[in-house]
Amino acid sequence: MPAPTRAAETRAARQRALALRTVRAADVLWHEVRPGRITASWRAIAAQMVALLVAAQQASAAGAQEYVEDAVTELGGTSRPAGQLNISAFAGWAADGRSLVTLLDQPRITVLTNIAAGVGEQQAMQAGRYELLRIIGSETADAGRSAAGVSIIGNRTATGYVRVISPGACSRCVILAGLVFHTTQAFKRHPHCQCVNEPTIEGQHAAHIDPDQYFRKLTVAEQDATFGLAGAQAIRDGADISSVVNVRRKGAVYTADAYGRRVLATREGTTRRGSFYRAERQRAIDRGLVPASGRGFQLRAPRLMPEEIYRLADTREEAVAMLRRFGYFR
């Protein structure tokens, strides 16, 4: 499995260091916000905070085109940029299009809202601080990724991109790092995401990491922290890593009444085109419950989450059988 280019590793390390420096500088400024006079003290530093983030966005976007050109060359291609990247276009507003003034005012609003709801002043201040640092780190990283993404689209030699993950990457980033994306596909990221996009060229289709190999290189504690106790155990027991991660998509997990108890289940894979739905329909056909066409089949069994499976199973063998039954094995 090929490793990331030296250009990508250098870019990723630079971006992480930049985000960390900016977050630390923002934290120092935040401590100027005083309980009892939150709005007045925030307004005294608001312009400095905006200027800090704008400078960080510009620094994050800087060098993006050169990085893409270096990566393409390192991969064996001849870089053919369509034009010169405009760095200033990636600074001055939020990734979602909002004004930075509006976005950076949100932590102040969070503090006041919490206090109005009866939360202690110090706890409310801490909530505002966490929100501010999340915004600063995420917006700094997003500017660099956006600039690199535009550079990849604008380079005629680049055919797509792969995700280069950083140490401590989350489970979703790990499985996405095993994929190659078209240049026009948006880079999926989350708050505090430190992944970077690296260009691909014609004939390069291998991802930089195999998620299963990556998992096996982690310690048990790291596996548990990244994939959750039950999720990590399911992968160690042979479950497909993507299946274990995808069942936790936002909005997919719910509780249901089944097997004489309240169980934790997922909607992932349960639509008519979903893998679990199709497997259950075939199971019903094999048992003679519905005709070979599958006509009349209705999915009634909830798809259990791994943690529910381990709660219900009495032995490892039973747990593995249930993991297979509920679609966690390929």
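A search of the whole structure finds 15 salt bridges, a salt bridge being a side-chain nitrogen of Lys or Arg within 4 Å of a carboxyl oxygen of Asp or Glu. The model is predicted, so local features need pLDDT of at least 70 and side-chain atom pairs count only at pLDDT 80 or more, whereas totals for chains, interfaces and linings use all residues. Residues are numbered from 1 along each chain as its sequence is written, and side-chain values use heavy atoms, with hydrogens and water left out.

Strands of a sheet pair through backbone hydrogen bonds, either parallel or antiparallel. Here an open sheet of three strands has the order E4-E5-E6, and its pairing is antiparallel. Strand E4 (253-258) and strand E6 (303-304) stand at the edges, and because each has a single partner strand, one side of each is left without a neighbour in the sheet. Strands, like helices, are DSSP runs numbered from the N terminus, with at least two residues (E) for a strand and at least four (H or I) for a helix; two strands pair if DSSP finds at least two bridges between them. Strand E5, residues 261-266, is joined to E6 by two bridges, and Ala265 has Leu304 in E6 as its bridge partner.

Side chains of opposite charge can pair when their charged atoms come close. Glu308 is buried at 1% relative accessibility, while Arg261, with a relative accessible area of 33%, is partly exposed; buried means under 20% relative accessible area, exposed over 50%, and partly exposed in between, for a 1.4 Å probe and protein chains only.

Another salt bridge links Arg316 to Asp237, with the closest N and O atoms 3.0 Å apart. Arg316 lies in helix H14 (residues 316-325), and Asp237 in the loop between helix H10 (229-236) and helix H11 (241-246), so the pair ties together parts that are 79 residues apart in sequence. Arg316 is partly exposed, its relative accessible area being 48%, whereas Asp237 counts as buried at 10% relative accessibility.

Arg108 forms a salt bridge with Asp105, in which the closest N and O atoms are 2.7 Å apart, and Arg108 is buried, with a relative accessible area of 13%.
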